[in-house]
Amino acid sequence: WLDQTIAHARLSETSCAVLLIHIADFREVDEVFEVRADDILAQDAGALAQAALEPHHFLARLARDEFAVGVPELVQHSRAHELGARVLGSLSEFVAARGLQMQIGVNIGIAIYPRDAATSESLMHAARVSLSEARESGSNQMRVFNSAAGERARRMRVIRRDLWPAIQDDALSLVYQPKYDVKTRGVVGAEALCRWRHPTLGAINPAEFIMVAEQSGQIDKLDDWVISQVCAQVRAWQDAGLPVVPVAINVSGLRFASRNFAQYLLEQIHQHDIPPSAITLEITETAAMKDIGKSMETLADLQSLGIHVALDDFGSGYSSLGYLKRLRVGTLKIDRTLIGGLDADLQGRAIVGSMVALAHELRMKVVAEGGESASQLDILHAMGCDEVQGYLMAMPLEVPAFVDLLHSARPLRA
């Protein structure tokens, strides 16, 4: 149908549109009302079409929770948006007519030929991009394709496609941001941070490719690559006679909770012949709290092996003091959003001071993330904070620059 419609639109120099409709909460209908949502929503799709569509429109069911509407001979592009609004309204009425006292989430993505795409395949893809944008915006939202959304989707596809080859070919790199003793201002550690300069996209924000890695199931491979690279680098520094400082590695909650994680880490440490104390694992509080039982089990395994664990970004998520007592990690990293307000926010300062005191009571070391001013460092020093990591002291450094810093054993200021 779509190929024929596009061909007709091309000959007649008109437009056509595709609306992708996603209906959420099927499982909730099944479980709450003990009826199959298919029987309610899909069986009477004709009623939906009769209520909202015109006779020459085309309606097809693509999946259990997804429909497509084809609109031929579209004279005004705004009509596609008006049709989407009618569909949203009619679906709500349709569900209510079935006696379901609940809101069914509906999202619609719209794409128009030839403005958004020139072929049936690319038009469907554009509609799906729009649908994804609508779903990300919340329930009962509608989005029309725009080039910015299309470019984001294209970029994500390229990142997803090229990430695993980049991991395999060591096309990623690591930089090291030093950690400093708050009192002496000497280097006492570092955090390894992953970077990727793509051959066509250029430097990719780590948050971007890490998100893609998580969504595409590649985060385990990325975590393991970083662990292997850091262990090899620590071994190289040892061979060069440099002082060994603990290097922190960020680990995803998924990898941290996997069964073989502690064993893999131990194998890497033994393979590179480095002391377990040379590696610190950092896991965010949000990830740790997702499965507190499994997190505690993994923590116990790692601690028995002599591997240090830090709870990262504390203060940005759950911040449960009860969980903090149960987890009993060795280091607490206070999130930069709390440290950034130390100069002017008295309440925030009191909160940070309480966190430092509590952590010390629990025999945890405290690292402040993002100390960006001399006055903040002075406040952290007065609180008894142990370490600080931020741009005031040092930017993330390439390996040669970090080696120079270890040689000098002097604080480096940006």
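The side chain of Tyr-264 puts a polar atom 3.1 Å from the backbone oxygen of Asp-224. That counts as a polar contact, meaning a pair of N or O atoms within 3.5 Å; within protein, one must be able to donate a hydrogen and the other to accept it, and residues adjacent in sequence count only if both atoms are side-chain atoms. The model is predicted, so local features need pLDDT of at least 70 and side-chain atom pairs count only at pLDDT 80 or more, while totals for chains, interfaces and linings use all residues. Residues are numbered from 1 along each chain as its sequence is written, and side-chain values use heavy atoms, with hydrogens and water left out.

Tyr-264 itself sits in helix α11 (residues 261-271); helices (H or I, at least four residues) and strands (E, at least two) are DSSP runs, numbered from the N terminus. With a relative accessibility of 17%, Tyr-264 counts as buried, given that buried means under 20% relative accessible area, exposed over 50% and partly exposed in between (1.4 Å probe, protein chains only). Tyr-264 and Asp-224 are 40 residues apart along the chain, with 8.3 Å between their C-alpha atoms. Setting aside residues up to four places away in sequence, Tyr-264 touches Asp-224, Ile-227, Ser-228 and Arg-255, where contact means heavy atoms within 4.5 Å.

Two of those neighbours, Asp-224 and Arg-255, also pair up with each other: they form a salt bridge whose closest N and O atoms are 2.8 Å apart. Arg-255 belongs to helix α10 (residues 253-256) and Asp-224 to helix α9 (residues 219-239), so this pair ties together parts that are 31 residues apart in sequence. Arg-255 and Asp-224 are both buried. A salt bridge here is a side-chain nitrogen of Lys or Arg within 4 Å of a carboxyl oxygen of Asp or Glu, and by this rule the count comes to 15.

Another of these bridges joins the side chains of Glu-191 and Lys-333, at 3.2 Å from N to O. The pair links distant parts of the chain, with Glu-191 in strand β7 (residues 187-198) and Lys-333 in strand β12 (residues 331-334), 142 residues apart. Lys-333 also bridges to Glu-369, with closest N and O atoms 3.7 Å apart. Glu-369 lies in strand β13 (residues 365-369) and Lys-333 in strand β12, so that pair ties together parts 36 residues apart in sequence. Through shared partners, salt bridges join Lys-179, Glu-191, Glu-282, Lys-333 and Glu-369 into one network. Glu-191 and Lys-333 are buried, and Glu-369 is buried too.

On the nonpolar side, the largest core has 83 residues, of which Tyr-176, Val-230, Leu-281, Leu-302 and Phe-402 touch the most other members. Helix α9 supplies the largest share of this core, nine residues. Apart from it lies another core, of 20 residues, among them Ile-23, Ala-52, Leu-53 and Val-106. A nonpolar core is a set of buried Ala, Val, Leu, Ile, Met, Phe, Trp, Tyr and Cys residues joined through side-chain atoms within 4.5 Å. Beyond its neighbours within four places in sequence, Phe-402 is in contact with residues including Tyr-176, Pro-178, Trp-237 and Leu-397.

Finally, Ser-373 is in the loop between β13 and α17 (374-383) and is buried, at 19% relative accessible area. Its side chain makes a polar contact of 3.4 Å with that of Asp-343, and a polar atom of the Ser-373 side chain lies 3.2 Å from the backbone nitrogen of Gln-376.
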